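Colleague: Before I plan anything around this protein, I'd like to go through the labels on it. Can you walk me through where they come from?

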Amino acid sequence: MVLGVISGMRVLAWAMVLLAPWTKGKTGKAAVRVYDVVLIFAAAIFFTSMFGESCLELRSVRFSMFTLFRCFTDGCVDYEGKPLSEKLHEIYGLWFVIPYVFLFVGVTLGLFNLIMAIFIDNA
């Protein structure tokens with residue numbers, strides 16, 4: 001049991017290292033990690049410029065990146081607890097839905113799949 005906890009902590013440490021944009025691996029996967037970080041940053045710029053005026057959570061790039069992080073990991077709600085994606089869908093329609101779906105699927109299937117592969121590989 002203790003060995004499993006230690007192995008899990010080692011995998012989490014490596015996952016954090018692999019997600020850092022400054023790491024460079026021998027397999028060429030560093031470009032994928034940098035691409036994911038750049039993708040989230042570019043998405044934050046896009047969401048700020050397109051939807052920042054009508055949504056308090058997207059008023060700056062910093063807040064947009066944190067809101068996107070919350071949407072990918074915990075839950076996509078505004079400061080009042082209402083679903084943020086539904087709020088923006090009602091205001092902007094498909095102009096919000098299409099980029100959000102592509103970004104969500106790309107990060108969920110791409111970035112988080114890399115983390116799960118590390119866990120499975122070390123199990």
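Predicted model: local features only at pLDDT ≥ 70, side-chain atom pairs only at ≥ 80, totals over all residues.

Colleague: What makes C71 and C76 a disulfide?

Modeller: Their sulfurs are 2.0 Å apart, and the cut-off is within 2.5 Å, so the pair counts as a disulfide. A search of the whole structure turns up 1 disulfide.

Colleague: Is that disulfide right-handed or left-handed, and how do you know?

Modeller: The torsion about the S-S bond of C71 and C76 is about 55 degrees, so it's right-handed.

Colleague: Why is C55 called buried?

Modeller: Its relative accessibility is 1%, and buried means under 20%, so C55 counts as buried.

Colleague: What about T48, why does that one get called buried?

Modeller: T48 comes out at 17% relative accessibility. The limit is under 20%, so T48 is buried too. This residue sits in helix α2 and, leaving out residues up to four places away in sequence, touches L58, R59, S60, V61 and S64.

Colleague: Which residues have the most contacts inside the largest nonpolar core?

Modeller: F47, L68, L88 and L103, in a core of 18 residues. Helices α2, α3, α4 and α5 each give two or more residues to this core. Take L68: setting aside neighbours within four places in sequence, its contacts are I40, A43, A44, F47 and L103.

Colleague: How do you know what the chain is doing over residues 92-120?

Modeller: That stretch is 97% helix and 0% strand, with its end C-alpha atoms 40 Å apart. UniProt, in an unreviewed entry, gives "transmembrane region" at residues 34-52 and 92-120.

Colleague: How does the reach of α5 compare with the expected value?

Modeller: Helix α5 runs over residues 94-121, so 28 residues, and spans 39 Å from first C-alpha to last. At 1.5 Å a residue you'd expect 40 Å, and the value is close to that.

Colleague: Where is the kink in α5 centred?

Modeller: On N113, with a kink of about 35 degrees.

Colleague: And which residues of α5 are buried?

Modeller: F96, Y100, L103, V107, L111, I115 and I118.

Definitions and conventions: Residues numbered from 1 in each chain as written. Heavy atoms only, no water. UniProt positions renumbered as here; feature names shortened; annotations may be inferred. Helix = DSSP H or I, 4+ residues; strand = E, 2+ residues; numbered from the N terminus. Expected span 1.5 Å × (residues − 1). Bend = angle between axes of the 7 residues up to and from the residue. Buried < 20%, exposed > 50% of the residue type's maximum accessible area, 1.4 Å probe, protein only. Core = buried A, V, L, I, M, F, W, Y, C linked by side-chain atoms within 4.5 Å. Contact = heavy atoms within 4.5 Å.
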